Amino acid sequence: LTFPLLSVALLVSFGSSMLYGYNLAVVNSPAAHIKDFYNTTWSRRYGHGLAPHPLTLLYSLTVSIFALGGLVGSLLVGALVERYGRNGALSRSALLVLVAGGFMGFSRELGSPEMVIVGRCITGLHSGRVCLGCGAVQGPFLMAQSPMAHSQGAGEDFIFPMATGSNLRGFLGLMPSIFICLGVFLAQVLGLPELLGEDRFWPLFLSVVVIPASLQLLLLHCFPESPRYLLIERNDVCGATKALCRFLGTPDVQDVIKEMKEEQRSLSSVEMVSVWQLLQDRSVRWQTLSVVVVNVGMQLSGIDAIWFYTNTIFENAGIPVSQIPYTTVGTGAIEVIAGLIGCFTIEKLGRRPLIITGFCAMGICSAGITISLLLQTALPWMRYLSVACVVGIIAGFCMGPAGVPFLMTAELFTQSHRPAAYIVGGSLNWLCNFTVGFIFPFLQMSAGAFCYLVFCGICLLVALYVYFIVPETKNKTFMEISHIFA
C-alpha cells in the first residue's frame with residue numbers, strides 16, 4: 001500500500017464518507033434547539049406556535065430530506081463522472097457542500113427554517129454523488145487503485161493484477177465505512193454542551209461540513225485522475241501511465257497498461273444492461289434479489305433511527321438528560337472500533353460471517369431495547385441495558401452490514417450488469433433511509449417500546465436469507481458465484 005494510494009484513499013474518504021456520517025448524526029444533538037427555532041419562527045410569522053404533531057412532521061422532514069437529496073444525487077452521478085472524471089466529480093460535489101453550509105449557517109440570522117431544509121437536501125445530493133452507498137464515485141475511485149485482477153470478480157474499477165501486491169479489495173472497500181463511523185463520532189463530540197451543543201451554536205454545528213469539503217477541494221488536485229478512467233474512458237495512455245507510476249511507486253507499469261488495453265477492447269463489445277433489463281434477466285435473478293434484500297435490510301435494520309434520534313432513545317430509556325451527550329459519544333467511540341475490526345478482518349473471515357453476525361447482533365439488541373423499556377419502571381437498572389443494546393446495534397452494524405453489501409454488489413455481477421445493480425441497490429438504500437428518518441418518530445409515538453421489534457424481525461430475516469442463499473464471494477470469480485447461485 002503505497003503512500004500516494006493511502007493518501008488519496010484517506011483524502012477521498014475524509015471529504016466524502018466522513019461528511020456522510022457527520023450529516024447522519026448532526027441533527028441528533030441540536031434537535032430541541034432546531035424545533036424551538038421552527039416554533040419561534042412560525043409564531044413570529046403567523047402569530048401562533050406549531051402544535052406538537054406538525055412540529056414533529058416538520059422536523060422529521062428536516063432529518064429525512066437528506067436521503068431524498070441522496071437519491072437524486074445517486075441517479076445523476078453517472079453523467080457527472082462521464083463528463084468530468086472522478087476527480088472532477090468529487091470537486092464539483094464538494095462545491096455543493098459549501099453552498100449547503102451557507103444555507104444552514106445563515107438560516108437563523110435570516111429567520112428561515114426553509115434554508116435548513118434546503119441545506120440538508122443539498123448535503124444529501126453531495127452524499128448521493130460521492131458516497132460508497134451509491135457505488136458511483138468514491139468506492140470505485142478508491143478500489144480503482146487497489147491491486148487485484150478482473151478474474152476475481154471485482155468491481156468495475158479494479159485494475160491491477162494480483163501479482164502486483166496483496167489483495168486489498170476488502171480493506172479499501174470497507175474504508176469508507178470507517179470514515180462514516182468517524183463522521184458520526186465527530187458529530188457526537190462537537191454536539192457536547194462544552195463545544196457546539198448550545199442553542200446559539202446549532203447553525204455553526206450544521207455548517208461545519210464546509211471544512212472537510214474545502215480541504216478536499218484544495219488537495220484533490222494534487223493527485224492524478226483514476227488510471228482506469230484515463231485509459232479506458234479517455235484513451236489517455238500517457239496520463240494513465242503517469243498516474244499508475246505515482247500510485248504504485250514504480251516505473252514498471254507496462255503489464256498493467258497492457259491489461260487495461262485488453263479490458264478496453266473487451267468492454268467495447270459489452271452492452272450495458274438497463275435497470276429494467278436487469279430485473280427481467282433470469283440468469284441473475286438471485287443475485288438481484290440478494291442486492292435488494294441486503295440493501296433494504298441494511299437501512300431498515302434500525303441503524304438510521306439510532307443515528308438520527310440517539311438522544312431521544314436514551315431519554316425514553318430513562319438516562320438522565322445531563323448524561324445523554326456523553327453516553328452518545330461513548331457509543332460513537334465503540335462504533336469506530338467495531339468498524340476497524342470489520343475492516344481488518346474481512347479478508348480473513350470473509351463477507352458472509354461478518355454480515356450474518358452483524359444482522360443477528362442487531363436483531364437481538366433491538367429486542368433487548370424493547371425488553372428494557374418495558375421493565376425499566378420496575379427495574380431501574382434496565383436503562384443501562386438499553387445503552388448496551390444501542391451499543392450492540394451500532395457495533396454489529398459497523399462490523400459487517402455497514403460496508404459489505406456495497407462490496408458484494410460489485411462481486412455478484414459482471415461489468416455489463418454492475419452499473420444497473422448499483423442503481424437498484426443505491427436507490428433502495430436512499431429510499432429506505434428516508435422512510436426510517438421520516439416515520440420513526442411517529443412509529444415511536446404509536447407503538448412505544450414495541451417499535452424496535454420491527455427492526456428485530458427485519459434483521460433476523462435478512463440474516464437467515466444471507467445464511468441460506470448468499471454464497472461467500474471472497475476470492476471467487478463471477479462464474480463460480482453464478483454456479484453456486486444456480
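On a 1 Å grid over the protein atoms alone, a pocket is an open set of points with protein on both sides within 12 Å along at least five of seven lines, while a cavity is a set of points where a 1.4 Å probe fits but cannot get out. Lining residues have an atom within 4 Å of a point. Grid points are joined across faces, edges and corners, and a volume is the space filled by probe spheres set on the points.

Keep in mind that this is a predicted model, where local features need pLDDT of at least 70 and side-chain atom pairs count only at pLDDT 80 or more, though totals for chains, interfaces and linings use all residues. Residues are numbered from 1 along each chain as its sequence is written, and side-chain values use heavy atoms, with hydrogens and water left out.

Now for the spaces. The second largest pocket has a volume of about 540 Å³. It is lined by 26 residues, and A31, A32, N311, T312 and E315 are the closest to its centre. Two or more lining residues come from each of α3 (31-46), α4, α16 (310-316), α17 (324-349) and α21 (418-447).

Stepping back, the fold has 23 helices and zero strands (DSSP runs numbered from the N terminus, H or I of at least four residues for helices, E of at least two for strands). Of the 486 residues, 60% count as buried, that is, under 20% relative accessible area with a 1.4 Å probe and protein chains only; exposed is over 50%, and partly exposed is in between. Take the contacts (heavy atoms within 4.5 Å) with a separation of 6 or more: 78% of them join residues 24 or more positions apart.

What holds the inside together on the nonpolar side? A nonpolar core here is a set of buried Ala, Val, Leu, Ile, Met, Phe, Trp, Tyr and Cys residues joined through side-chain atoms within 4.5 Å. The largest one has 91 residues, and Y22, I355, F397, F440 and Y452 touch the most other members. Helix α4 (residues 52-105) is the top contributor, with twelve residues. At least three residues come from each of domain 1 (1-147 + 165-223) and domain 2 (276-485), bounds that come from an automatic or database domain assignment. Leaving out residues up to four places away in sequence, I355 touches V294, G400, P401, V404, P405, M408 and V466. A second, separate core of twelve residues includes Y229, I232, L244 and V253.

V253 is also a contact of T241, which touches Q254 and I257 as well, again not counting residues up to four places away. T241 sits in helix α11 (residues 237-248) and is buried, at 18% relative accessible area.

R383, in helix α19 (residues 382-399), is partly exposed at 25%.

For C360, the nearest cysteine sulfur is that of C459, 9.0 Å away. C360 is partly exposed, at 28%.

Notes. A disulfide is a pair of cysteine sulfur atoms within 2.5 Å.
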